[in-house]
Amino acid sequence: MNIVRAADIELKDKLVALNRVTKVTKGGRTFSFSAIVVVGNENGIVGHGLGKAKEVVDAISKGVDDAKKSLIRVPVINGTVPHEQKGKFSGSRVFLKPASNGTGVIAGGAMRAVLESAGVKDILAKSQGSSNPHNVVKATMDALGKMRDAVSVAHDRGISMEKVFNG
């Protein structure tokens, strides 16, 4: 999993989920908001974050700041992922599968935001188990973090690219 610094990258943010939370006190109800945000440069870098505040705008901006701290680099080859991968977080399980050119992003809401922010154009994805957006986003990030392209596999094993494909 390659960790990236957010200093010199232009990132776009996407709001995945916004939740209004109520706290009941003797003075009445107090409302606050929690926002799950995904940021990415749509070219192989993506991160997620959670922000909580009394106002929606503040919660989103806190989420963006948090997301910039958890950026990872994802290998995107010809608009898709290099291989099949499963990811898991808590009760959510996700399955990512490469797709041919022109397929599009076949994925549910929370997964779609993460994959599009990472710059994936064609992918088949399935979310199983819990559909809680927090867990689905983290499971998707887990799967993307485990992705490896052929160059990194060859480098890690200390062999040539031909040997990776020919055995």
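Tutor: Two strands count as paired when DSSP finds at least two bridges between them. Keep in mind that this is a predicted model.

Student: How many bridges join strand 7 and strand 9?
Tutor: Strand 9 covers residues 123-129. Its pairing with strand 7 is antiparallel. At least two bridges are needed for a pair, and here the number of bridges is seven.

Student: Which residue in strand 9 is the bridge partner of R93?
Tutor: Strand 7 spans residues 92-98, and strand 9 spans residues 123-129. The bridge partner of R93 in strand 9 is Q128.

Student: Strand 6 is also joined to strand 7, so what is the bridge partner of Q85 there?
Tutor: Strand 6 takes in residues 85-89. Five bridges join strand 6 to strand 7, and the two run antiparallel. In strand 7, the partner of Q85 is L96.

Student: Which residue in the turn between strand 6 and strand 7 has a positive phi?
Tutor: Strand 6 and strand 7 form a hairpin. Two residues lie between the strands. The positive phi, about 50°, belongs to S90.

Student: What is the strand order in the open sheet of four strands?
Tutor: The pairing in this sheet is mixed. The order is 6-7-9-8.

Student: At what angle does helix 2 run to strand 9?
Tutor: Helix 2 is made of residues 109-118. Helix 2 lies across strand 7, strand 8 and strand 9. To strand 9, helix 2 runs at about 145°.

Student: What angle does helix 3 make with strand 6?
Tutor: Helix 3 lies across strand 6, strand 7 and strand 9. Its angle to strand 6 is about 140°.

Student: Is N135 buried or exposed?
Tutor: N135 is found in helix 3. Contacts of N135 beyond four places in sequence are F89, S90, G91, S92 and S130. Buried means under 20% relative accessible area. N135 has 13%, so it counts as buried.

Student: What is the strand order in the open sheet of five strands?
Tutor: Pairing in this sheet is antiparallel. The order is 1-5-4-3-2. Strand 1 (2-3) and strand 2 (12-25) each have a single partner strand, so the edges are strand 1 and strand 2.

Student: Which residue in strand 4 stands opposite V39?
Tutor: Strand 3 covers residues 28-40, and strand 4 covers residues 45-53. They pair in the antiparallel sense over eight bridges. Opposite V39 stands G47.

Student: What angle does the direction of helix 3 make with that of strand 4?
Tutor: Helix 3, residues 133-146, packs on this sheet. Helix 3 touches strand 2, strand 3, strand 4 and strand 5. With the direction of strand 4, the angle is about 155°.

Student: Which residues make the nonpolar surface patch of about 310 Å²?
Tutor: One member lies in helix 4, residues 150-157, and counts as exposed at 52% relative accessibility. Another is found in helix 5, residues 161-166, and is partly exposed at 31%. The patch is made by V151, M161 and F165.

Student: How far apart in space are M161 and R29?
Tutor: M161 is in contact with A150, V151 and A154, leaving aside neighbours within four places in sequence. R29 is 132 residues from M161 in sequence. C-alpha to C-alpha, M161 and R29 are apart by 62 Å.

Key. Residues are numbered from 1 along each chain as its sequence is written. This is a predicted model: local features need pLDDT of at least 70, side-chain atom pairs count only at pLDDT 80 or more; totals for chains, interfaces and linings use all residues. Side-chain values use heavy atoms; hydrogens and water are left out. Patches are made of residues with over 30% relative accessible area and no salt bridge: like charges are joined within 9 Å, nonpolar side chains (Val, Leu, Ile, Met, Phe, Trp, Tyr) within 5 Å. Accessible areas come from the Shrake-Rupley method with a 1.4 Å probe; for residues, only the protein chains shown count as cover. A salt bridge is a side-chain nitrogen of Lys or Arg within 4 Å of a carboxyl oxygen of Asp or Glu. Buried means under 20% relative accessible area, exposed over 50%, partly exposed in between (1.4 Å probe, protein chains only). Contact means heavy atoms within 4.5 Å. Axes are lines fitted to C-alpha atoms, for helices over the stretch in contact, and angles run from 0 to 180 degrees between N-to-C directions.
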